[in-house]
Amino acid sequence: MPTTMPATMAAPGEAAMLDLWEAGSGASLTRRGLHLLAAALPDTHGLANLSIGARDAELLALHDRLFGPAIACRTDCAACGAPIELAFATDDIRADAALRDTVDVVVGDTRIRARLLDSRDLLAIEAESDPTTAERRLLERCIVTAEHAGTPVAPAEVPAAAMDAVGAALAAADPQAEILLDIACADCAATALAPFDIVGHVWARLDHWARAMLGAVDSLARSYGWSEAAILALGPVRRQAYLDRIAGAA
Ligand SMILES: [Zn+2]
C-alpha cells in the first residue's frame, strides 16, 4: 500500500540534492527512481517493495516540493516528427492509489493471482534487451499462484492470452503506474497517447538544477575562494546576490 506522507514534509536541502544527483548519475532509470524515493521518504524502509504507482505518487509529491507543480516537457509527433511542447501540472496526472495488492484473473480454465509490480521487478529485467521477453518476465515475476483446470502451473507455462489479461488487470489496479498524455500535433493534427515517465522527468529537473548549482559554485569559488560547502551554506538569496555582483563587475 502507498505510504502516506505529511503535506508539510520539507524538501531535501541543496547539499542533499547534490548528493542525490551524484549518487544517481550513471545509474539506471529504476535505480534513479529508488534514489529519488529515498530522498522523498528518508526514514522509510523497503522502498523497492512499493508498487510502481505508489512510487510515482511519491515522486510527484517530491516534484512539488523541489520544483513546484508545473511540468513542461516536449515530445515529437509520431506521425510527422514535429516537436510538441506540453505544459501541465502534477495534479493533472495524479491517479487513484491502488486499493489492493493483488489481482485475480480468470481466462478460460486458467486462474491467476498476481501482485502489483514494484521496483524489484523492474531491476530484475533491466538487462533484458528484448521488450517482449522483458514484459513476459516482468509479469511472470508477479504471479503468486496460477492453475489450469485446477492443477497448479508454473508462471512460465501460463498462456500468452492469460498473461495479457494479467498485464491489463495489474495496470488497472495501480493506475498511477502508467500515465498516458493526450498528444495533439499542431502541424499535422495527428493525435496520440504518449506515456509520461515520472522518474525520467524528475531526474531531468534535478540534473538541470545540479548543473546550474555547480556553475554557481564554480563562479563563486573562482571569485572569492570559498569552498563548495561554504557556498552551499549561503542559501539561494545571498548566493544570487554575490553572483549578481560578479556579473556586474564583469
Ligand atoms: Zn504531426
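**View 1. Tetrahedral zinc site.** The four donor atoms around the zinc ion subtend angles of 107 to 112°, which makes the arrangement tetrahedral (four donors with all angles between 85 and 135 degrees). The model is predicted: local features need pLDDT of at least 70 and side-chain atom pairs count only at pLDDT 80 or more, while totals for chains, interfaces and linings use all residues. Residues are numbered from 1 along each chain as its sequence is written, and side-chain values use heavy atoms, without hydrogens and water. The protein donors (N, O and S atoms within 2.8 Å of the metal, or 3.2 Å for Na, K and Ca) are the SG atoms of Cys77, Cys80, Cys185 and Cys188, at 2.3 to 2.4 Å from the zinc ion.

View 2. Along the chain the donors of the zinc ion show the spacing C-x2-C-x104-C-x2-C. Cys80 is in the loop between β1 (70–76) and β2 (83–89), and Cys188 in the loop between β7 (179–184) and β8 (191–196), so the pair ties together parts 108 residues apart in sequence (strands are DSSP E runs of at least two residues, helices H or I runs of at least four, numbered from the N terminus). Cys77 counts as buried at 7% relative accessibility, whereas Cys80, at 41%, counts as partly exposed, as does Cys188 at 34% (buried, under 20% relative accessible area; exposed, over 50%; partly exposed, in between; 1.4 Å probe, protein chains only).

View 3. Asp182 has Leu193 of β8 as its bridge partner. Between the strands lie six residues, and Ala189 of this hairpin takes a positive phi near 70°. Ile179, Leu181 and Ile183 form the covered face of β7, and Leu180, Asp182 and Ala184 the uncovered one.

**View 4. Nonpolar cores.** The largest nonpolar core has 48 residues, and Leu36, Phe88, Ile93, Leu181, Phe196, Leu206 and Trp209 have the most contacts inside it (a core is a set of buried Ala, Val, Leu, Ile, Met, Phe, Trp, Tyr and Cys residues joined through side-chain atoms within 4.5 Å). Helix α7 (residues 198–224) gives the most to this core, with eleven residues. Another core, of 17 residues, lies apart from it and includes Ala114, Leu116, Met163 and Val166.

Technical notes: Four donors count as tetrahedral if all angles lie between 85 and 135 degrees; four count as square planar and six as octahedral if opposite donors are over 155 degrees apart and all others between 65 and 115; anything else is irregular. Two strands pair if DSSP finds at least two bridges between them.
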